[in-house]
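Please open the structure in your viewer and keep the sequence panel beside it.

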Amino acid sequence: MTISTDLLSNIIKQAIKRGATDAEAIASESTEFSVEVRLGEIEKLQEAASRGVGLRVLCEGRQASCSTSDVSPEGIEELIANAAEMAKRTSVDEAAVLPAREEFATEISDLGLFDPAIAELSPERKIEMARAVEDAARSFDPRIANSEGGACHTKVGKMTLVNSLGFAGQYSATNCNLLTVPIAKEGDQMQVGYWGDRQRRLGALDSPEAIGQEAARRAIRKLGGRKVETREVPIIFENGAAEELLSDFFDAVEGGAIFRRSSFLVGQLGEPIASPLLTIVDDGTIRSALGSRPFDGEGLQTRRTIVVENGILKSYLLDCYTARKLNLRSTANASRGLTGAPSVGVGNFFIAPGVHAPGEIIASVKEGFYVTEMIGFGFNPVTGDYSRGAAGLWIENGKLTFPVEEVTIAGNLKEMLMGIEMVGNDLRFRGNIAAPTIKLNRMMVSGK
């Protein structure tokens with residue numbers, strides 16, 4: 001049985017009868033398939049269908065939420081009763097209300113989020129794709145001596161949101177993720193590589209051959225990795241590593257950190273916080289992108305928000321709750337699951353591409369560090385202090401020379417953003433956070 005907007009509307013009506021001043025019901029239905037192979041043999045094969053309903057009840061500033069996977073009349077009745085009873089026990093929070101009616105999305109845009117080609121992929125074809133991506137990596141070079149496997153994951157889902165102020169919306173979406181993890185060996189040293197691609201449309205997914213070969217190249221180029229002497233040098237973040245830097249930046253720009261005053265960006269709207277070369281955008285409307293959706297977790301029309309423009313902080317990322325706390329307007333960045341209140345999330349969050357090819361950026365460095373992997377967690381959004389384990393390649397006279405591992409890069413994100421000297425032209429979305437290659441003037445590399 002498909003969960004309809006009518007079912008959610010009835011749940012809301014029942015919640016209002018039980019004393020709620022407002023209510024919001026959300027339903028999620030999905031079918032997920034996952035196959036993992038290793039050395040050509042299937043190691044794990046899973047297919048699961050799930051569905052559930054979540055209910056958020058608001059009662060004069062008090063709110064509570066519950067969820068259930070039991071959509072029988074008895075299960076729904078228990079869901080409503082539990083949410084209504086829990087709401088009576090919570091404390092009053094005047095910011096915990098639904099958005100105003102005029103803020104809701106008035107049309108459900110077709111953003112190309114659903115691809116029948118993914119929905120109709122047979123299990124045999126997915127197994128074949130997982131084997132093909134691993135085979136491509138293993139056959140790329142004799143130094144690929146082993147494999148941690150190849151995998152193909154698909155998800156076909158539908159999300160429905162209805163609230164007591166008249167909003168009702170529903171959309172379907174698909175995605176397919178293909179990846180492999182080969183192991184390179186030379187002498188006594190072994191190195192693990194990884195590469196993958198995830199897209200909403202099958203036609204946009206890189207081929208198994210391209211993914212497997214890139215994973216093999218990444219494993220091989222790590223062979224012979226060593227530490228370097230501790231020093232301060234220019235740093236280039238390969239686009240994948242730059243994505244992690246951007247992900248850390250989100251922790252400082254999201255509304256929760258701002259209204260709790262736990263971010264170094266508090267009070268910085270309109271101020272220069274980065275190099276003029278840096279522009280950061282969140283856009284939930286990019287066609288077929290992984291972070292796109294026609295409305296956010298509160299029913300607001302998703303939009304394009306310029307977060308940083310030419311180094312100037314233009315906007316925080318907000319849901320309705322954090323916007324009220326800051327006396328600002330929501331940027332339609334509410335994200336939510338079946339249980340709990342909405343929180344701030346990203347749509348498609350990215351650094352706008354620059355004009356330089358990655359090779360040109362590398363060639364500009366006499367001596368420096370090309371970061372390809374970031375390890376661990378070492379960012380304090382309150383102070384901006386930044387320290388992460390890293391691996392990559394050393395640059396000498398504009399050329400990549402030897403692999404580097406077991407080093408730490410450290411600085412302060414405020415100074416790092418100001419120190420951006422070049423931005424690459426190689427932006428590509430493989431998730432909902434994306435960045436091109438970027439070059440920083442300098443950071444401390446701690447090795448030996």
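This is a predicted model: local features need pLDDT of at least 70, side-chain atom pairs count only at pLDDT 80 or more; totals for chains, interfaces and linings use all residues.

Residues are numbered from 1 along each chain as its sequence is written, and side-chain values use heavy atoms, with hydrogens and water left out.

Strands here are DSSP runs of E with at least two residues, helices are runs of H or I with at least four residues, and both are numbered from the N terminus; two strands pair if DSSP finds at least two bridges between them. Now look at β9 and β14, which pair in the antiparallel sense over three bridges, and find Val281, which stands opposite Phe350 in β14.

The angle is taken between N-to-C directions, from 0 to 180 degrees, using axes that are lines fitted to C-alpha atoms, for helices over the stretch in contact, where contact means heavy atoms within 4.5 Å.

**Aromatic rings**

How many aromatic pairs does the count come to? The count comes to nine, using the rings of Phe, Tyr and Trp (its six-membered ring) with centres within 6.5 Å, and calling planes under 30 degrees apart stacked, over 60 edge-to-face and the rest tilted. Select Tyr171 and Phe295, whose ring centres are 5.3 Å apart and whose planes stand at 75°, so the pair is edge-to-face. This pair links distant parts of the chain, 124 residues apart, with Tyr171 in strand β5 (residues 168–186) and Phe295 in the loop between β9 (280–283) and β10 (304–309). Tyr171 counts as buried at 17% relative accessibility, and Phe295 is also buried, at 0%; buried means under 20% relative accessible area, exposed over 50%, and partly exposed in between (1.4 Å probe, protein chains only).

Next, select Arg226, which lies over the face of Phe402, at 3.6 Å from the ring centre. A charge sits over a ring if NZ of Lys or CZ of Arg is within 6 Å of the ring centre and within 35 degrees of the ring normal.

**Two single residues**

Select Thr160 in strand β4 (residues 144–163). Is Thr160 buried or exposed? Thr160 is buried, with a relative accessible area of 0%. The side chain of Thr160 makes a polar contact with that of Gln170 at 2.7 Å, a polar contact being a pair of N or O atoms within 3.5 Å; within protein, one must be able to donate a hydrogen and the other to accept it, and residues adjacent in sequence count only if both atoms are side-chain atoms.

Finally, go to Gly447, in the segment after β20 (438–446), which counts as partly exposed at 25% relative accessibility. Leaving aside neighbours within four places in sequence, Gly447 is in contact with Lys227, Val228, Thr230 and Val407.
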